[in-house]
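This note is intended for a colleague meeting the model for the first time. The points below may be read alongside the sequence and the coordinates.

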Amino acid sequence: SLVLEKILEHGDRYHEDLVNVAERVGPEDQQLIVSKLYAEGYPLVADRVRRKCELPLGACPGQLLDSVRQDLLQHLSSLGLHRRRDVLCGFASHGLPDGYLDTALPPAPSNEDVPRFQVPEQDIVFVASSEAAEKFANELSSCKEAVGLDTEWPPLAEDGISICQVAMGDRVWILDMLWVIETRNEEVANALTDLFAGSNLKLGFAFQEDLNRLESSLQTLGKCRLELKNFLDLQVDQRGLAALLSTTTGFSLDKSLQCSQWGQRPLTDAQLQYAASDAACLMKLRESLLDKLSEPYSLLPSKEKAAEQQEEKQLKSGRSPQHVRDAVDSHNLTATFLKESRTAAAPCVGGNVVCFVVKPSRRPVAVITLASEKVEVRALATALAVAKHRIAVASPKECLELFGFAPG
């Protein structure tokens, strides 16, 4: 107990020593260390010791289980997710006591209470042939209504996109951009550039990164700089798409495949449904946000214009990287702040948390970025002093086991 107190007095930099001490004592003393860490306000370090010593989660103090459960439920609620029981069932493999979920969780809402937004299978068209490309171009040329736009790309991809979703009318066209580039299909490329320059209202959600990557893909086909005219970004606050859709329309949106392998072919039926739903739901979301939306504007993919637009949003928000620092400090976490000179004085409108695992030790690393920025894996590897090939995006199972949350 005395050694433990002395280590805690010296702060976070000695937590590795604490783990080493815990490995050298018996199970009862390990349990004592975990209990004391929780009592002293170090729940994350307590869980790290528990994992290192291979103690079951069910052997931890009841307060720690309650803390894990409460924190997770609060986080899921803030995201607008309702499938709490499904997510928490992932903890069963960590040794939760029998019947714990039944007593710890409120009744799971039925599908009737929380309808999931989905696109009928017959209304999803995958474009990876000349015939499908011609049909897409013809339908797009005659469309005068608003269209929903989205893109997907594989985890860790540094540039370009794998698919582009265009929702118009009752259909969602999923454009296989890998096929478009490989076959140099001008029909799809021209249809997209005409759409962007045309008078149709275009809807997106946090679309700046999508546009940057889409332009990069189209440039390989010799297309000039894109300008997305008459565009509306439906990200009206810091909530993600699923949370905003749930709270404004009552529909849930499955985001579990957000980090799936979008570069693989063929895509699964679940991936096609995910991609189609992300684009089609923008129509319904727009209907519920009419009183909060600004006037349509032009969105440019250039880094300079993107920075200007991001700065304008930041100034309205008033949030800054100091909020991240405060959160890190309040949870007794150790963090490295990269690019601090550029972002220290700039407020941020919202952020993403991307979970990585360093192989082979399975070291968990959570990267917090501005919503409009991508993770530079090379810079991350340098900051962690490891080889780039040792860093991988955490799988859904690893997200639950190492970070305590499901993807999305």
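1. Terms and basis. A residue is called buried under 20% relative accessible area, exposed over 50%, and partly exposed in between, using a 1.4 Å probe and protein chains only. At 29% relative accessibility, alanine 206 therefore counts as partly exposed. The model is predicted: local features need pLDDT of at least 70, side-chain atom pairs count only at pLDDT 80 or more, and totals for chains, interfaces and linings use all residues. Residues are numbered from 1 along each chain as its sequence is written, and side-chain values use heavy atoms, with hydrogens and water left out.

2. Overall composition. The protein chain holds 18 helices and 10 strands; helices (H or I, at least four residues) and strands (E, at least two) are DSSP runs, numbered from the N terminus. Of the 408 residues in the protein chain, 43% are buried. Contact here means heavy atoms within 4.5 Å. Among contacts in the protein chain with a separation of 6 or more, 69% are between residues 24 or more positions apart.

3. The sheet. Seven strands form an open sheet in the order β1-β4-β3-β2-β5-β6-β7, and the pairing is mixed. Two strands pair if DSSP finds at least two bridges between them. The edges are taken by β1 (124–127) and β7 (297–299), each with a single partner strand, so one side of each has no neighbour in the sheet. From one strand to the next, the twist averages 35 degrees.

4. Strand β2 and its partners. Strands of a sheet pair through backbone hydrogen bonds, either parallel or antiparallel. Strand β2 (residues 147–152) runs parallel to strand β5 (residues 202–204), and 2 bridges join them; valine 147 has lysine 202 of β5 as its bridge partner. With β3, β2 pairs in the antiparallel sense over 5 bridges, and aspartate 150 has glutamine 165 of β3 as its bridge partner.

5. Burial of β2. How many residues of β2 are buried? The count is 6 of its 6 residues. Val147, Leu149 and Thr151 point one way, while Gly148, Asp150 and Glu152 point the other way. In a regular strand the side chains alternate between the two faces of the sheet.

6. Helices across the sheet. Axes are lines fitted to C-alpha atoms, for helices over the stretch in contact, and angles run from 0 to 180 degrees between N-to-C directions. Helix α8 lies across β1, β3 (163–168) and β4 (171–176), at about 130 degrees to β4. Helix α13 (residues 269–288) lies across β1, β2, β3, β4 and β5, at about 145 degrees to β2.

7. Packing of α8 with α10. The axes of helix α8 (residues 130–142) and helix α10 (residues 186–197) come within 9 Å and cross at roughly 20 degrees. The two helices are therefore roughly parallel to each other; angles under 35 degrees count as roughly parallel, over 145 as roughly antiparallel, 65 to 115 as roughly perpendicular and the rest as oblique. On the α8 side the contact is made by Ser130, Ala133, Glu134, Phe136, Ala137 and Leu140, and on the α10 side by Glu187, Val188, Ala191, Leu192 and Leu195. These residues comprise 8 nonpolar, 1 polar and 2 charged, where Ala, Val, Leu, Ile, Met, Phe, Trp, Tyr, Cys and Pro count as nonpolar, Asp, Glu, Lys and Arg as charged, and the others, Gly among them, as polar.

8. Packing of α10 with α11. Helix α10 also packs with helix α11 (residues 208–219), at an angle of about 140 degrees and with the axes 11 Å apart. That angle makes α10 oblique to α11. Ala189, Leu192, Thr193 and Phe196 in α10 meet Leu211, Leu214 and Leu218 in α11. This contact divides into 6 nonpolar, 1 polar and no charged residues.

9. Proline 301. This residue is found in the loop between β7 and α14 (303–317). Proline 301 is buried, with a relative accessible area of 4%. Not counting residues up to four places away in sequence, proline 301 touches Gln208, Leu211, Asn212, Glu215 and Leu226. Proline 301 and glutamine 208 are 93 residues apart in sequence but 6.8 Å apart in space, C-alpha to C-alpha.

10. Backbone details to inspect. The peptide bond from arginine 265 to proline 266 is cis, with omega near 0 degrees, and proline 266 lies in the loop between α12 (241–249) and α13. Another cis peptide bond joins lysine 359 and proline 360, with omega about -5 degrees. Alanine 206, in the loop between β5 and α11, has a positive phi near 50 degrees.
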